[in-house]
Amino acid sequence: MSAAAALISIAQTYCLIGAFVALAFLTIGMDRIDEDARGAYAFRPLLIPAILLIWPLVLWRWMREETGQADHAARYAPPRRAHGVAAVLMAAIVVVTLLTAFTIRQTWPADAAPTRLSPPVEASE
């Protein structure tokens, strides 16, 4: 088996497991862990692509919710504290990127003659 065939079979297996998790979670699990989602069936098909890709996280979160290990207050506190730092860092990265781009910008040689890449296409009649 070649490396490409092995990678494709791994991806197919991963997505097949994700499909089973999506089927189980969207039919059974969502109603059990989120009372606001009870009876809301129109948006569930929209979640299928995401569950196919992140099914290990879905299973982990579902297990934590079912066993009562989920601490909702602690779950949202760390990202909220980090948002300010992330915003400042992203703004600084944008400024540094723009300044770097303006300082190393290449100049176009004014004396270079244009070169035709392909001959013009003649119209056939």
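Reader: What makes the side chain of arginine 44 and the backbone oxygen of leucine 26 a polar contact?
Author: A polar contact is a pair of N or O atoms within 3.5 Å; within protein, one must be able to donate a hydrogen and the other to accept it, and residues adjacent in sequence count only if both atoms are side-chain atoms. Here the backbone oxygen of leucine 26 and a polar atom of the arginine 44 side chain lie 2.6 Å apart, so the distance falls within 3.5 Å. Keep in mind that this is a predicted model, where local features need pLDDT of at least 70 and side-chain atom pairs count only at pLDDT 80 or more, while totals for chains, interfaces and linings use all residues. Residues are numbered from 1 along each chain as its sequence is written, and side-chain values use heavy atoms, with hydrogens and water left out.

Reader: Where is arginine 44 found, and what does it touch beyond its neighbours in sequence?
Author: Arginine 44 sits in helix α2; helices (H or I, at least four residues) and strands (E, at least two) are DSSP runs, numbered from the N terminus. Contact means heavy atoms within 4.5 Å. Leaving aside neighbours within four places in sequence, arginine 44 is in contact with Leu26, Met30, Asp31, Ala37, Arg38 and Gly39.

Reader: Is arginine 44 buried or exposed?
Author: Buried means under 20% relative accessible area, exposed over 50%, and partly exposed in between (1.4 Å probe, protein chains only). Arginine 44 has 4%, so buried is the word for it. Over the protein, buried residues make up 11% of the 125 residues.

Reader: How do you know that helix α1 has a kink?
Author: The bend at a residue is the angle between axes fitted to the seven residues ending there and the seven starting there. In α1 (residues 3–33) there is a kink of about 50°, centred on phenylalanine 25.

Reader: Which residues of α1 are buried, and what do they pack against?
Author: They are Gly18, Val21, Ala22, Phe25, Leu26, Gly29, Met30 and Asp31. These buried residues pack against α2 (44–53) and α3 (55–67).

Reader: What makes a group of residues a nonpolar core?
Author: A nonpolar core is a set of buried Ala, Val, Leu, Ile, Met, Phe, Trp, Tyr and Cys residues joined through side-chain atoms within 4.5 Å. The largest one here has 10 residues, including Val21, Ala37, Ile51 and Val58. The elements giving two or more residues to this core are α1 and α3, and α1 gives the most, with five.

Reader: How many aromatic pairs are there?
Author: Rings of Phe, Tyr and Trp (its six-membered ring) pair if their centres lie within 6.5 Å; planes under 30 degrees apart count as stacked, over 60 as edge-to-face and the rest as tilted. By this rule the count comes to two.
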